[in-house]
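Here is a friendly note to read alongside the model. Please keep the sequence and the structure open as you go through the points.

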2 protein chains.
Amino acid sequence: MNIRHLTFRLLQVFVSVVTTGSYSEAARRLHLTQPTVSQQLKRLAEAVGVPLFTAQGNQWQLTDAGRELYRACVDVLGRFDDFDDYLSELEAGKKGRFSIALVNTAQYVLPRILGPYSHAFPQVEVTVEIGNRQQVLARFDRQLDDLYVFSHPPASEATCAGRFLRNPLVVVAPKGHPKAESEHLSLSHLLDERFLLREPGSASRMLFESWLQSQGLTLGATLQMASNEAIRIGVSSGMGLAVLSRHVLPAQDVGLTILPVEGFPLESHWHFIARRDCRLPRAAFGFLQFVEQSLDQCLDPQWTENHVGDMLKSLG
Amino acid sequence: MNIRHLTFRLLQVFVSVVTTGSYSEAARRLHLTQPTVSQQLKRLAEAVGVPLFTAQGNQWQLTDAGRELYRACVDVLGRFDDFDDYLSELEAGKKGRFSIALVNTAQYVLPRILGPYSHAFPQVEVTVEIGNRQQVLARFDRQLDDLYVFSHPPASEATCAGRFLRNPLVVVAPKGHPKAESEHLSLSHLLDERFLLREPGSASRMLFESWLQSQGLTLGATLQMASNEAIRIGVSSGMGLAVLSRHVLPAQDVGLTILPVEGFPLESHWHFIARRDCRLPRAAFGFLQFVEQSLDQCLDPQWTENHVGDMLKSLG
DNA sequence: CTCTTGCATAGATTATCATCTATGCCAAGT
DNA sequence: ACTTGGCATAGATGATAATCTATGCAAGAG
């Protein structure tokens, strides 16, 4: 048998002939002419290397080889139907996998979206990578993930961003801070306090510093800490003040207070980022569609700012 | 997915690439050039409708669809390998089926061949049809069977015969028949006895009658019986004499004796017959090959006369 | 920095496929 | 005897498959 000359089309024709029991009938069903069917079967028999039919004039029967070939065809075509089904589901974003890389801060909110999503699409396998801005940026450059979440999307032509959440930065102080009740509190009044900061390059620190610069201010004592969590604990235990994403603060945190500093909260936003130069897995696309539709069910609408639809449009 | 453009060749190439992990290596193994492989994969992806690889320059990975396609390919190619195995066995005559039609008399000897044969080829399904000469001839004309056994092969261009067994016809009488010990016993001395005969047209009767004619003799009383068995019993119970195939008589039959009539035994032979105008199933061919090789192990060599080899040659 | 390795692309060629129309042949009904 | 339905054969044709050589390009190894 020369498998190289076998076409699925050939098998289809063969199966059709066997099931209908007639060349002509098969031809009709396949929208072919009868001679075409005859010839296809001839070629099939050639490819297989043995006769498939015993022809006695008008009436024919399958040979043993033909019978067995029929079984094989049914199996094989069935297998590919299964594959086709799989493809459809894949296409619909119901199956598959994708990975998403988050900057640290975003891990406080993203689970609220990912949870409902993976409940709705249990067959999609999501991998979440978490790192600081620099690390996630490195992953972005090396195209390691399918989606990214940044506050400040990297400047690259490949970047395709969709804003989805406000990310207000507030000045936090330990509970009972003397200036907590002030009106018209300016940051300049706080410059003698120690500030706890994330590492340079972190989005919140960058934003804060550029704001300071625009105000012509310079911080005094600072202390660098690697995580928002550590900073939060640090502030509440009186190590100093900090500028943190509002989302980092629990709804009720007894140890902290937000200072009503003028110019604050600093407004920034989180974005979903995809690369235009990488194929976005259908499942990731499906995730974005889910976000577009269900964002407000996942997160408090006071923070949401759903531009994911635009992103989807731009991704085609 | 457009299954009509899928070729098994395409799948093979794909599988080879996936298993080797490299286009170039796959090309080497398949004795193709690397660009060919590239293009085949491109076409495959087109046919499937979704990308199969995520290409990051030199390094690529399978997409989900690609992974699943690979599974499908392995299944499908495996299924056809199975089919191919089946074909080989079919080709070797180890599997399949055939039918053989016997004239009545041959049923006394053919089981001695068919038994060992189906022991050696348990996966071949043999159908044995039995009838008198006329009935078997009718089956031959209607091409109902794959092989036939006749004493006198039908005269047709389609006939391809191979002699395999002597079929001596002897005159049998009840044990203790007065002429049993005679020397120079001529049939003319027996014409006053009643003869038990098979139906007209049966090979043994035809042969006997034409011999009678050549000797210028005519039978007296006759009695027609439908089976050799009935005749044998009839003779042993004294109803008369008969001319029977030697093979019909058990090795030791206490009730019968063979009369040493001059000119007897009449020599005839059994033949296997195939039709040249019908495809002979490979299994039937295998059966004939078995007969050619093992005839003497199945039947007493004093009767065998193995010309089946010639028949096989003539069948190609 | 250069060389090698591995994949992609372009262009060309031959084989073969897929399909048609026209026609022939055979068996079965009417 | 004639028609009809069903298969085979022949010849033609446009599409496309399979394969090559030549060349480009990018990443990793020396």
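**Notes on helices, domains and cavities**

1. Helix α6(A) is followed by Q143(A), whose phi is positive, near 55°. Helices here are DSSP runs (H or I, at least four residues), strands are runs of E with at least two, and both are numbered from the N terminus. Before you go further, note that this is a predicted model: local features need pLDDT of at least 70, side-chain atom pairs count only at pLDDT 80 or more, and totals for chains, interfaces and linings use all residues. Residues are numbered from 1 along each chain as its sequence is written, chains are lettered from A and ligands numbered from 1 in the order in which they are written, and side-chain values use heavy atoms, with hydrogens and water left out.

2. Stay with α6(A), residues 133-141: R133(A), V136(A) and F140(A) are its buried residues (buried means under 20% relative accessible area, exposed over 50% and partly exposed in between, with a 1.4 Å probe and protein chains only). Seen down the helix axis, these buried residues fall within an arc of 70°, so they line one face of α6(A); the arc is that of the directions from the helix axis to the C-beta atoms. On the face turned away from the buried side you will find the exposed residues Q134(A) and D141(A). The buried residues of α6(A) pack against several elements of chain A, including β3 (96-103), β4 (124-131) and α7 (203-214), where contact means heavy atoms within 4.5 Å.

3. Now try α5 (residues 110-120) in chain B. Which residues of α5(B) are buried? They are L110(B), I113(B), L114(B) and Y117(B). Down the axis of α5(B), the buried residues fall within an arc of 95°, so they too line one face of the helix. R112(B) and H119(B) are exposed on the face turned away from the buried side. Among the elements that cover the buried residues of α5(B) are β12 (269-275) and α9 (282-298) of chain B.

4. Zoom out to the domains, whose bounds come from an automatic or database domain assignment. Chain A is divided into domain 1 (3-91), domain 2 (96-166 + 268-315) and domain 3 (169-259). Taken over C-alpha atoms, the centres of domain 1 and domain 3 of chain A are 74 Å apart.

5. For a loop, look at H31(A), which sits between α2 (23-30) and α3 (34-48) of chain A. H31(A) counts as exposed because its relative accessibility is 73%. V74(A) is 43 residues from H31(A) along the chain, and their C-alpha atoms are separated by 21 Å.

6. Next, the cavities. On a 1 Å grid over the protein atoms alone, a cavity is a set of points where a 1.4 Å probe fits but cannot get out, and lining residues have an atom within 4 Å of a point. A volume is the space filled by probe spheres set on the points, which are joined across faces, edges and corners. The count comes to 6 cavities of 30 Å³ or more.

7. The largest cavity holds about 130 Å³ of space. Of its 17 lining residues, the closest to its centre are V103(B), T105(B), R198(B), A203(B) and S204(B). Domain 2 and domain 3 of chain B both give residues to this lining, so the largest cavity lies between them.

8. The second largest cavity has a volume of about 110 Å³. Its lining draws at least three residues from each of domain 2 and domain 3 of chain A.

Conventions:
1 Å grid on protein atoms, 1.4 Å probe; cavity = no way out; pocket = protein on both sides within 12 Å on 5 of 7 lines; lining within 4 Å.
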